[in-house]
Amino acid sequence: MFLSAKPKAFVIDRGEQTTLVARVSSLQTPLVVEDLREVPAGDDAALAQALAELRPKKSSGYAQACCGVSPSTRFVRRATLDPKRVKEADYFPELVSTQFRIDPEQHAISVLNAFDGLDYDTSKPGGNKEVVFCGLPTAEVGRSQQEFLRHMLFPARLELSSLAALGAIIDYLKFTESNKPTLVLEIGAEQTLSYIVSARGIEATRPIAVGVDAMVPVVQKELGLKDEESARKLFLSNTFDFTGMGASLCKRLLKELQSSMGFYEVQTGQSIAQLICPVLTSKLTWLEPVVAAQVGVSLFSLELKPWLAARQITVADGIGGLDARKLALFGLMTQFKTSASDAVVA
């Protein structure tokens, strides 16, 4: 294996529904995003074509890349530790197994401080009890590495895109001096990962077993279609305005969200003010205002250029669409600071 002599690098966010790939001048800031492409998730041919177009001419060998992945099997779960047990060898595996129903022997797991994103240190007395367990199946780690290598990308870093997006959102709240608790939804095919974040970090997490797939039978029923496959194609085609039936489509999801939001607001005395959905495809972005209206919050106001400039990321002219769906990609590029006066890591 050898690295390309050309000093170009890539940042890639392989999401559940979309893969974003950017050619950058460096994997360290300050950097320039020179070009950016979007391809359907799982479409290896399209990804290979995008990379071929982005690679410098006559380049050979492996290109360095910062790689983010979001398999449907990922998890990001907040927990409160028992300080008396943190040094016990079996405490974390037991907590993950009993509280989250996750097999610790089959997963690659990290434990982070909920309020600064640094690795939790069991050796520090009186450490923060609020942590986030995050990870994915160990087999998925190896599978992802092999996929990137197959595309001649050498993963200098392999991260969870969910954490990169959350880190970017938290850092943006800090940057804009916002004190608004924010609901973040990663709406996938089979489940929705729900987070409540603020400028200080991750406040709450909850997986909800309702995703886009659960909306398809409602589409079929409401429109009188002959089968679910026809309903799915129409739902994902962006040729029909589903806004009017949005509340019906999201009924199950809304019920779970209202329960989670109510619990948080009672526990903290703070009201959730805004919503952002960073992983919706362009054809489903209409879901975001529908959900926001139904749960009674505003949409997250996002203006990325000033934040990117402050983080020493320059986007080349001609690259548009700087919206929430790029947050994980930009989060992968950013080195978040942890001082009290600046951004936090997630």
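Is the crossing of H8 and H9 left-handed or right-handed? Some notes on that and a few other spots.

1. Ground rules: this is a predicted model, with local features needing pLDDT of at least 70 and side-chain atom pairs counting only at pLDDT 80 or more, while totals for chains, interfaces and linings use all residues. Numbering runs from 1 along each chain as its sequence is written, and side-chain values use heavy atoms, leaving out hydrogens and water.

2. The crossing of H8 and H9 is right-handed (the near helix is turned clockwise from the far one by less than a right angle). The contact (heavy atoms within 4.5 Å) is made by Leu254, Leu257, Gln258 and Met261 of H8 and Val291, Gln294 and Val295 of H9. These residues split into five nonpolar, two polar and no charged (Ala, Val, Leu, Ile, Met, Phe, Trp, Tyr, Cys and Pro count as nonpolar, Asp, Glu, Lys and Arg as charged, the others, Gly among them, as polar).

3. On to H5, residues 216-223: Val216, Val219 and Gln220 are its buried residues (under 20% relative accessible area, with exposed meaning over 50% and partly exposed in between; 1.4 Å probe, protein chains only). Down the axis of H5 they fall within an arc of 100 degrees, so they line one face of the helix (the arc is that of the directions from the helix axis to the C-beta atoms). They pack against helix H6 (228-235) and helix H7 (246-249). Glycine 224, with a positive phi near 65 degrees, follows H5.

4. Aspartate 119 sits in the loop between strand E6 (107-113) and strand E7 (130-137) (helices, H or I, of at least four residues and strands, E, of at least two are DSSP runs, numbered from the N terminus). Aspartate 119 is exposed, at 59% relative accessible area.
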